[in-house]
Amino acid sequence: MYEITGQPFESYQQFKATMDQTVNSTVQNIVKIGYLLKVARDTGILQESGYTTMRDFAQAEYNIDASTASRFIGINDKYSMGGNSMELDDKYKGFEASKLVEMLTLPDSIIEEIPPEMKRDEIREIKNQLKEEQKTSDLEMYIESTATIEATCSDLTEVLKQSLEESFELFKEADRRICDTENLNNSAESLYSALAPAGYATLIGRIPGKGRVMLSIASQSEDPALINARTGEKERITWRQIFDELDQLIKHPNDKSDPEVDYAATFGHEPKKEEEKEEKKPSAVTVSKEAKPKTDKKAEKKPKKPEKTKQASPEPKEEKEESEKTEEAAGEEEPKEPTTAAGTEEKIAPAQSEEETIEVPKELTSFQKQIIDKLETIKIVVRSMEPDKDNWDHICDMLRETQILINKTIF
């Protein structure tokens, strides 16, 4: 492996400028490739080449498979000037190609708020949240809105509340800024450094009946945006609004900044500092527990079951070896029967684990839970219906979905 021993750049600024130019040229080339592939796809340019399709041409000449070609074309559609040119749109200059690929499936309302500095993993986390939101049907959203009491808090307050409750570090910084009365006139700069220490941040909370709502902080020079991930609706929020909402939200029993006391007074429980210590790499994307993907809990439960089976059933090879040894050592070694007593003690341990396994039938499978949720949802709909409402089609759809789930599962 060859190493660079000399310093090829006079300063970091020169190095960064060269890096930016190279990254931009790489993305620019991808945009051009996407445009040329569209020409090969949409025009008769390949007639004299012997290739019948754009995919055959790209694969044979440049080893570009169909999925990669589709990705290049998608990048051109999304990020080129006017959506159909060889030039990269100015607002996407500075983005790495891998980030643009991650952003392809995001709605424009969210893409517009993502800064070039945002990490790829953080963009992926936003994508995951959108995917989870899409799993909730419109009918389920309707039921959430009818089953919940009218919200007394604004969407902004709810997102701030969930985000600060999830991150004690975030709460501490906000609490200190709100209590600093000397900075009231400079609240924008003060809160920006508190809520977006990385220079940008995305706070995500889920509001029943509305879905996931994101507070996007792209920079200090522009107002944050409050985006409904489900509908794409966007609202600009001033820093003064955020300051006022936090001032109303955070309680100060001692009339001064005492983060642990203020946190307990605000949320009714102690901060979970131990969990935060386990987080090695803090992310600029803060997701409340209510907004986390449902699959997280399932993934935690799955490893527990094989552990019980390992404890309950010893390996058959060891049993055979032990039985052979006891048979060979017969006769005078009969006093070693206490080992059978010890063996009974070992058998008692599985008996204790059986007490734990008694709860296993009570743990419903994911399919069973989905079916029960559907049936409960149907019950709520029926109860909330008025006789003159024509909602039976929705109920039939949900019953059909429940039937499909029943066909997939084995009780």
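**Note on the predicted model: salt bridges, sheet and selected residues**

1. Glu133, Asp138, Arg206, Arg212 and Arg230 are joined in a network of salt bridges. A salt bridge here is a side-chain nitrogen of Lys or Arg within 4 Å of a carboxyl oxygen of Asp or Glu. Across the whole structure, the search finds 20 salt bridges.

2. On the basis of the note: the model is predicted, so that local features need pLDDT of at least 70 and side-chain atom pairs count only at pLDDT 80 or more, whereas totals for chains, interfaces and linings use all residues. Residues are numbered from 1 along each chain as its sequence is written, and side-chain values use heavy atoms, with hydrogens and water left out.

3. Glu113 takes part in a salt bridge with Lys234, where the closest N and O atoms are 2.9 Å apart. Glu113 lies in the loop between helix 5 (108-111) and helix 6 (120-134), and Lys234 lies in strand 4, so the pair ties together parts that are 121 residues apart in sequence. Helices (H or I, at least four residues) and strands (E, at least two) are DSSP runs, numbered from the N terminus.

4. Glu113 also forms a salt bridge with Arg236, and here the closest N and O atoms are 2.6 Å apart. Arg236 is in strand 4 and Glu113 in the loop between helix 5 and helix 6, so this pair ties together parts that are 123 residues apart in sequence.

5. Glu113 is buried, with a relative accessible area of 4%. Lys234 is partly exposed at 31%, and Arg236 is partly exposed at 40%. Buried means under 20% relative accessible area, exposed over 50%, and partly exposed in between (1.4 Å probe, protein chains only).

6. A further salt bridge brings together the side chains of Glu132 and Lys135 (2.9 Å, N to O). Glu132 is buried, with a relative accessible area of 10%, whereas Lys135 counts as exposed at 55%.

7. Five strands make up an open sheet of mixed pairing, in the order 4-3-2-1-5. Its edge strands are strand 4 (234-236) and strand 5, each of which pairs on one side only. From one strand to the next, the twist averages 20°. Two strands pair if DSSP finds at least two bridges between them; axes are lines fitted to C-alpha atoms, for helices over the stretch in contact, and angles run from 0 to 180 degrees between N-to-C directions.

8. Strand 1 (residues 201-207) is mostly covered, with seven of its seven residues buried. On one side these are Ala201, Leu203, Gly205 and Ile207, and on the other Thr202, Ile204 and Arg206. Arg206 also belongs to the salt-bridge network with Glu133, Asp138, Arg212 and Arg230.

9. Strand 1 and strand 2 (residues 211-217) run antiparallel and are joined by seven bridges. Gly205 stands opposite Val213 in strand 2. The hairpin of these two strands has three residues between them, and Gly209 takes a positive phi near 85° there.

10. Strand 1 and strand 5 (residues 285-287) run parallel, with three bridges joining them. Thr202 has Val285 of strand 5 as its bridge partner. Helix 8 (residues 155-166) lies across strand 1, strand 2, strand 3 (225-228) and strand 5, and runs at about 110° to strand 1.

11. Asn76 is located in helix 3 (residues 66-79) and counts as buried at 0% relative accessibility. Neighbours within four places in sequence aside, Asn76 is in contact (heavy atoms within 4.5 Å) with Val31, Gly34, Tyr35, Lys38, Gly83, Asn84 and Ser85.

12. On the surface, Tyr12, Phe15 and Met19 form a nonpolar patch with about 320 Å² of accessible area together. Patches are made of residues with over 30% relative accessible area and no salt bridge; like charges are joined within 9 Å and nonpolar side chains (Val, Leu, Ile, Met, Phe, Trp, Tyr) within 5 Å. Accessible areas come from the Shrake-Rupley method with a 1.4 Å probe, and for residues only the protein chains shown count as cover. Met19 lies in helix 1 (residues 12-42) and is partly exposed, with a relative accessible area of 43%.
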